[in-house]
Amino acid sequence: MAIKLENVGIAVEDLEATIAFFTDLGLTVLGRDTVSGEWTDTAVGLDGNHAKIAMLQTPDGNGRLELFEYIHPEAIPTTPTVPNEIGMHRVAFSVDDIDEALAIAARHGCHPLRGVATYEDIYKLSYIRGPSGIIVMLAEELRKS
């Protein structure tokens with residue numbers, strides 16, 4: 001059986017703000033829609049499912065995020081996750097310039113959980129708190145091939 005990662009889905013509080021954050025980091029919007037009906041109730045397992053969605057893609061075409069903002073039922077706010085919680089943890093991106101990426105994130109009010117670390121002279125990396133509390137890891141490869 002062949003398998004391939006299609007996308008990572010993230011429920012967000014403010015779809016437009018989250019799209020702006022990720023597009024400023026370099027992702028592009030592939031499409032947008034509003035979905036509802038029996039098929040979404042069945043696929044998602046949630047009666048009355050009605051959401052605004054957007055599919056974003058990384059510049060290399062290999063990574064996709066599906067962002068969705070619930071219209072119905074009402075979205076349930078949660079406490080933002082912390083790095084050692086069980087469950088969906090973070091979304092990670094390689095960047096050419098971590099300082100530039102952090103400056104872009106800061107313009108959206110998104111900042112590192114602690115700072116920028118260097119892993120064995122291979123990567124500079126940082127976890128930031130993105131829109132809707134999403135943890136986003138940014139990593140710059142130091143040994144460019």
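Trainee: In what order do the elements of the chain run from the N terminus on?

Mentor: The model is predicted, and its secondary structure comprises three helices and eight strands. Of the contacts with a separation of 6 or more, 52% join residues 24 or more positions apart. Read from the N terminus, the order of elements is β-α-β-α-β-β-β-α-β-β-β.

Trainee: What share of the residues in the chain is buried?

Mentor: The C-alpha atoms fill a box of roughly 50 × 35 × 30 Å along the principal axes. The accessible surface is about 9200 Å², and carbon and sulfur atoms contribute 52% of that surface. A residue counts as buried under 20% relative accessible area. Among the 145 residues of the chain, the buried share is 31%.

Trainee: How far apart do the centres of the positive and negative side chains lie?

Mentor: The chain carries 11 positive and 22 negative side chains. The distance between the centres of these two sets is 7 Å.

Trainee: Within what arc do the buried residues of α1 fall?

Mentor: The buried residues of α1 are Leu15, Thr18, Ile19, Phe21 and Phe22. They line one face of the helix, because, seen down the axis of α1, they fall within an arc of 160°.

Trainee: Which residue caps the N-terminal end of α1?

Mentor: A side-chain oxygen lies 3.2 Å from the backbone nitrogen of Glu16. Just after the helix, Gly26 takes a positive phi of about 125°. The capping residue at the N-terminal end is Asp14.

Trainee: Against which elements do the buried residues of α3 pack?

Mentor: Helix α3 spans residues 98-107, and its buried residues are Ile98, Ala101, Leu102, Ile104 and Ala105. Seen down the helix axis, these residues fall within an arc of 160°, so they line one face of α3. In general, residues three or four places apart in an α-helix point the same way because there are 3.6 residues a turn. The packing partners of the buried residues of α3 are α1 (15-24), β7 (123-129) and β8 (135-141).

Trainee: At the start of α3, which backbone nitrogen does a side-chain oxygen of Asp97 reach?

Mentor: Just after the helix, Gly109 has a positive phi of about 75°. At the start of α3, the side-chain oxygen of Asp97 comes to within 3.0 Å of a backbone nitrogen, that of Asp99.

Trainee: With which residues is His50 in contact, leaving aside neighbours within four places in sequence?

Mentor: His50 is found in strand β3, residues 50-57. His50 counts as partly exposed because its relative accessibility is 26%, a value between the cut-offs of 20% and 50%. Its C-alpha atom is separated by 20 Å from that of Asn7. Beyond those neighbours, the contacts of His50 are Thr34, Val35, Ser36, Tyr70, Ile71 and His72.

Trainee: Which residues does the cis peptide bond with omega of about -10° join?

Mentor: Pro73 has its place in the loop between β4 (64-72) and β5 (91-94). The cis peptide bond joins His72 and Pro73.

Trainee: Is Glu120 buried or exposed?

Mentor: Glu120 lies in the loop between β6 (117-119) and β7. Its phi is near 45°, a positive value in a residue other than glycine. At 53% relative accessibility, Glu120 counts as exposed.

Trainee: What is the relative accessible area of Ser132?

Mentor: Ser132 lies in the loop between β7 and β8. Although Ser132 is not a glycine, its phi is positive, about 55°. Ser132 is partly exposed, with a relative accessible area of 38%.

Key:
Residues are numbered from 1 along each chain as its sequence is written. This is a predicted model: local features need pLDDT of at least 70, side-chain atom pairs count only at pLDDT 80 or more; totals for chains, interfaces and linings use all residues. Side-chain values use heavy atoms; hydrogens and water are left out. Buried means under 20% relative accessible area, exposed over 50%, partly exposed in between (1.4 Å probe, protein chains only). Helices (H or I, at least four residues) and strands (E, at least two) are DSSP runs, numbered from the N terminus. The arc is that of the directions from the helix axis to the C-beta atoms. Contact means heavy atoms within 4.5 Å. A polar contact is a pair of N or O atoms within 3.5 Å; within protein, one must be able to donate a hydrogen and the other to accept it, and residues adjacent in sequence count only if both atoms are side-chain atoms. Accessible areas come from the Shrake-Rupley method with a 1.4 Å probe; for residues, only the protein chains shown count as cover. Lys and Arg count as positive and Asp and Glu as negative; His and the chain ends are not counted. The place of a charge is taken as NZ of Lys, CZ of Arg, CG of Asp or CD of Glu.
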